[in-house]
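Take a look at the fold below.

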Amino acid sequence: MCGRLGPSRRAPRGYTLAELILVLLITGILAVVAVPRLLDTSQFAGRGARDFIATALRDAQKAAIAMRRNVCVAIGSTGLAVSHASASGNAQVCAAANSMTNPVNGLPYSDAANAYLGGASVGSAASVIFDALGRPLSSAGVPSTSTLSISVSGNNRAITVEPETGLVR
C-alpha cells in the first residue's frame with residue numbers, strides 16, 4: 001500500500017465564495033450606515049456645548065452662594081461670560097470687570113479658548129442672574145417667575161433653569 005493509511009486530505013487553501021460575499025455585504029452595510037454618523041460631528045459638538053453651558057450655570061450658582069453676591073451668566077451664540085457683583089445684596093448689578101474663570105482651564109469664561117467647540121451655537125442669547133441663595137433673577141433684585149429654556153444647535157434637549165430653586169437640567 002505504499003504507506004498510505006487513508007484518503008489524502010488537502011489543507012484548506014482560502015475562503016469560499018459565500019464567505020467572501022458575506023464579508024463584502026457586511027462591509028457595505030457598515031459603510032452606508034456607520035461611517036456617515038462617525039464623520040458628522042455636529043451632534044458631538046452640540047452635546048459638548050450643552051454640557052459646557054449647563055456646567056457653567058451650575059458653577060455660577062454655586063459661586064453666588066459661596067460669595068454671597070449676585071453672579072451673572074451671559075450666554076451668547078458662540079460663547080458665554082460669567083461675572084459677579086462687587087458687593088453683596090440682591091439688587092447689585094454684575095460688573096464685567098469681575099469676570100469669573102473656568103475652573104477647568106483657569107481662563108475667563110469669555111476667553112476664546114472657552115468658545116463652544118465644533119461650531120455649535122445657541123439659538124438665542126440669554127442671561128441668568130443668580131442671587132446669594134442660588135435663585136435665578138430676571139433682573140437685579142427681581143426673582144424669576146418662569147422657567148428659562150436654552151437650546152443648542154445639534155442637540156435636541158434644551159437646558160432649563162427652574163425658577164425659585166435655580167435647578168439646572
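A disulfide is a pair of cysteine sulfur atoms within 2.5 Å. By this rule the count here is one disulfide. Its partners are Cys72 and Cys94, with sulfur atoms 2.0 Å apart. The torsion about their S-S bond is about 80 degrees, so this disulfide is right-handed. Cys72 lies in strand S1 (residues 71-75) and Cys94 in strand S3 (residues 94-99), so the pair ties together parts that are 22 residues apart in sequence. Cys72 and Cys94 are both buried. Buried means under 20% relative accessible area, while exposed means over 50% and partly exposed lies in between, using a 1.4 Å probe and protein chains only.

A word on the ground rules. This is a predicted model, in which local features need pLDDT of at least 70 and side-chain atom pairs count only at pLDDT 80 or more, while totals for chains, interfaces and linings use all residues. Residues are numbered from 1 along each chain as its sequence is written, and side-chain values use heavy atoms, leaving out hydrogens and water.

Now for the strands. Helices (H or I, at least four residues) and strands (E, at least two) are DSSP runs, numbered from the N terminus. Two strands pair if DSSP finds at least two bridges between them. Six strands form an open sheet in the order S3-S2-S1-S4-S5-S6, with antiparallel pairing. S3 and S6 stand at the edges, each with a single partner strand, so one side of each has no neighbour in the sheet. In a regular strand, side chains alternate between the two faces of the sheet.

Follow the pairs. S1 and strand S2 (residues 80-85) run antiparallel and are joined by five bridges. Val73 stands opposite Val82 in S2. Further along, two bridges join strand S4 (residues 126-130) to strand S5 (residues 136-139), again antiparallel. There, Phe130 has Pro136 in S5 as its bridge partner. Five residues sit between the strands of this hairpin, and Gly134 takes a positive phi near 85 degrees.

Next comes the step from S5 to strand S6 (residues 142-143), an antiparallel pair joined by two bridges. Ser139 stands opposite Val142 in S6. This hairpin has two residues between its strands, and Gly141 takes a positive phi near 85 degrees.

What lies across S1, S2 and S4? Helix H2 (residues 42-67) does, running at about 165 degrees to S1. Axes are lines fitted to C-alpha atoms, for helices over the stretch in contact (heavy atoms within 4.5 Å). Angles run from 0 to 180 degrees between N-to-C directions.
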